[in-house]
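Here is a short tour of one protein chain. Look at the fold as a whole, then follow the text through its parts.

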Amino acid sequence: MEDNKLEPAEIVRSEMGTWTHPVYSKYMNEHLENEEYVSREEWEKFKSHFGVDTVVFWMESLVNSDDWEIMMDDCDITKWDPIAPNGFFLIDINFSEDDAYAIFARNKYESEVAWWKFAILKKRLNKDLEQ
């Protein structure tokens with residue numbers, strides 16, 4: 001797998017139910033090794049580097065409160081199996097300080113990439129015209 005290519009990978013969850021995509025993990029370790037959290041700017045850089053869109057699901061909002069409490073108390077999310085949105089694949093399922101989360105990614109479609117490039121160029125052009 002190329003360094004800037006994020007593709008679906010085999011998921012083998014730990015005994016606690018966690019898993020991290022190896023390419024995602026490598027990127028985070030290389031770029032954000034000593035950070036406690038990922039800023040919005042750094043997240044946008046990550047998405048741009050791989051050409052992906054992402055969505056995050058929080059376990060608390062997807063399971064009933066009794067199950068959530070049991071899984072969090074036991075530090076065991078093996079019973080939580082969030083369903084990826086259409087076209088997305090799992091890149092991280094883990095614990096945060098207050099909840100568990102699942103991050104899914106999908107490659108941007110060519111038309112979306114072209115649209116964003118056009119939007120950026122248009123914005124730059126408008127700035128140049130204003131000066």
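## A residue in a loop

Where does Cys 75 lie? Cys 75 sits in the loop between α3 (65–74) and β3. Cys 75 is not a glycine, yet its phi is positive, at about 50 degrees. Its relative accessibility is 42%, so Cys 75 counts as partly exposed. The cut-offs are these: buried means under 20% relative accessible area, exposed means over 50%, and partly exposed is in between (1.4 Å probe, protein chains only).

This is a predicted model: local features need pLDDT of at least 70, side-chain atom pairs count only at pLDDT 80 or more, and totals for chains, interfaces and linings use all residues. Residues are numbered from 1 along each chain as its sequence is written, and side-chain values use heavy atoms, with hydrogens and water left out.

## The whole chain

The protein chain has four helices and four strands. Both are DSSP runs, numbered from the N terminus: helices are H or I with at least four residues, strands are E with at least two. Along the sequence, the pattern reads β-α-α-β-α-β-β-α.

The protein chain has 131 residues, of which 30% count as buried. Now take its contacts with a separation of 6 or more: residues 24 or more positions apart account for 51% of them. Contact means heavy atoms within 4.5 Å.

## The sheet

In what order do the four strands form the sheet? The order is β1-β3-β4-β2, in an open sheet with antiparallel pairing. β1 and β2 stand at the edges with a single partner strand each, so one side of each has no neighbour in the sheet. Two strands pair if DSSP finds at least two bridges between them. Strands of a sheet pair through backbone hydrogen bonds, either parallel or antiparallel.

Start with strand β1 (residues 19–20). Two bridges join β1 to β3, and Trp 19 stands opposite Ile 93 in β3. Strand β3 (residues 89–95) is mostly covered, with five of its seven residues buried. Six bridges link β3 to strand β4 (residues 100–107). Here Asn 94 has Tyr 101 in β4 as its bridge partner. A hairpin of four residues connects β3 to β4. Seven bridges then join β2 to β4, where Val 52 stands opposite Asn 107.

## The helices

Helix α2 packs on the sheet and touches β2, β3 and β4. Its direction makes about 130 degrees with that of β2. Axes are lines fitted to C-alpha atoms, for helices over the stretch in contact, and angles run from 0 to 180 degrees between N-to-C directions.

Helix α1 (residues 22–31) packs against helix α2 (residues 40–50) at an angle of about 130 degrees, with the axes 12 Å apart. That makes α1 oblique to α2. Angles under 35 degrees count as roughly parallel, over 145 as roughly antiparallel, 65 to 115 as roughly perpendicular and the rest as oblique. Val 23, Tyr 24, Tyr 27 and Met 28 in α1 meet α2 residues, including Trp 43 and Phe 46.

## Two strand residues

Thr 54 lies in strand β2 (residues 52–58). Its side chain makes a polar contact with the side chain of Trp 43 (3.0 Å). A polar contact is a pair of N or O atoms within 3.5 Å; within protein, one must be able to donate a hydrogen and the other to accept it, and residues adjacent in sequence count only if both atoms are side-chain atoms.

Is Arg 106 buried or exposed? Arg 106 counts as buried, because its relative accessibility is 14%. Arg 106 is found in strand β4. Arg 106 and Pro 8 are 98 residues apart in sequence, but 9.0 Å apart in space, C-alpha to C-alpha.
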